[in-house]
Amino acid sequence: MNNCVMCVGKIVGNPQIREFDSGTKKASFGLLLMGCGDRKTNGEEGYEPAFIDCECWGKPLEFIEKLGEEKPWVSLVGSLKTHSWEDSSSGAKRTKTYILVSSINFLPGSKQENAGEITDEPTV
């Protein structure tokens, strides 16, 4: 994999599961990354949090489906993807960069930490 992203973060918000006519499902969720981004400008120690959107299919999606209300800390591996489109109402060009997750794992301290690694090669 030439384009490889490895992150540790906390799942935020409510993951959205979409099922297509073919029966294939896709999960979309946000990931909070701590210790990333620009150093705080107000003189405090530490870093501003960063958020990134994630999508997954197959086995990683099954992991997301089982979460329920839990928002655990996870480690994940995937690739950066960029989707471009033209806004139908304004005609403006839009882009969105996200992580296409291929592997996800609970971190120690999460309620389901013994679940282990969930891996799949995503199909788009």
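Me: How many disulfides does the structure hold?
Reply: This is a predicted model, in which local features need pLDDT of at least 70, side-chain atom pairs count only at pLDDT 80 or more, and totals for chains, interfaces and linings use all residues. Residues are numbered from 1 along each chain as its sequence is written, and side-chain values use heavy atoms, with hydrogens and water left out. A disulfide is a pair of cysteine sulfur atoms within 2.5 Å. By that rule the number of disulfides is 0.

Me: Is Cys4 buried or partly exposed?
Reply: The closest cysteine sulfur to that of Cys4 is in Cys7, 9.5 Å away and too far for a bond. The relative accessibility of Cys4 is 42%, so the residue counts as partly exposed.

Me: Which residue in strand 2 stands opposite Ile17?
Reply: Strands are DSSP runs of E with at least two residues, and helices are runs of H or I with at least four, numbered from the N terminus. Two strands pair if DSSP finds at least two bridges between them. Strand 1 and strand 2 pair in the antiparallel sense over 7 bridges. In this pairing, the residue opposite Ile17 is Ala27.

How values were computed:
Buried means under 20% relative accessible area, exposed over 50%, partly exposed in between (1.4 Å probe, protein chains only).
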